[in-house]
Amino acid sequence: MYELQMPKFGQTMTKGAIDEWKVQVGDHVEKEQEVCIVSTDKITNGVKSYRAGIVKEILVEEGEEAPIGAVIARIEEDA
């Protein structure tokens, strides 16, 4: 199981907010596919999955914030 974490986009970033999920639980994602949009007090950026697989769980909903490194989704990797 691959855990997608809240990335760090800048040196001063401590948390990010999920603006939009581009996938839902049960969706198949490809490696490097953009799965969500995250915003901070300074920027908005897309987050990509670094592995292909099926989205099993979304842990941070749209509009919610999470600290850097927090698991925001879990993806069951393709065999």
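I began with arginine 74, and at a relative accessible area of 24% it counts as partly exposed. For my own reference, buried means under 20% relative accessible area, exposed means over 50%, and partly exposed lies in between (1.4 Å probe, protein chains only).

A note on what I am reading: this is a predicted model, in which local features need pLDDT of at least 70 and side-chain atom pairs count only at pLDDT 80 or more, while totals for chains, interfaces and linings use all residues. Residues are numbered from 1 along each chain as its sequence is written, and side-chain values use heavy atoms, with hydrogens and water left out.

**Entry: the partners of arginine 74**

Next I looked up salt bridges, meaning a side-chain nitrogen of Lys or Arg within 4 Å of a carboxyl oxygen of Asp or Glu. I found a count of six by this rule. Arginine 74 makes one of them with glutamate 3, with 3.1 Å between the closest N and O atoms. Glutamate 3 sits in strand S1 and arginine 74 in strand S8, so this pair ties together parts 71 residues apart in sequence. My strands are DSSP runs (E, at least two residues), numbered from the N terminus.

Arginine 74 also meets the side chain of glutamate 57 in a salt bridge (2.9 Å, N to O). That pair links distant parts of the chain, with glutamate 57 in strand S6 and arginine 74 in strand S8, 17 residues apart. I noted that Glu3, Glu57 and Arg74 are linked in a network of salt bridges.

**Entry: another salt bridge**

Which residue does glutamate 34 form a salt bridge with? I found lysine 22, with the closest N and O atoms 3.3 Å apart. Glutamate 34 lies in strand S4 and lysine 22 in the loop between S2 and strand S3 (28-29), so parts that are 12 residues apart in sequence are tied together. Glutamate 34 has a relative accessible area of 31%, and lysine 22 comes out at 43%.

**Entry: strands**

I then followed S1 (residues 2-5), whose covered face carries Tyr2 and Leu4, while Glu3 and Gln5 are on the uncovered one. S1 pairs with S8 (residues 71-77) in the antiparallel sense over four bridges, where pairing needs at least two DSSP bridges between two strands. Here glutamine 5 stands opposite valine 71.

In what order do four strands form an open sheet? I read S5-S4-S2-S7, with antiparallel pairing. Its edge strands are S5 (44-48) and S7 (65-67), each pairing on one side only. S4 (residues 34-39) pairs with S5 over five bridges, and isoleucine 37 of that pairing stands opposite glycine 46 in S5.

I picked tryptophan 21 and listed its contacts (heavy atoms within 4.5 Å). Leaving aside neighbours within four places in sequence, tryptophan 21 touches residues including Leu4, Val35, Cys36, Ile58, Ile72 and Ala73.
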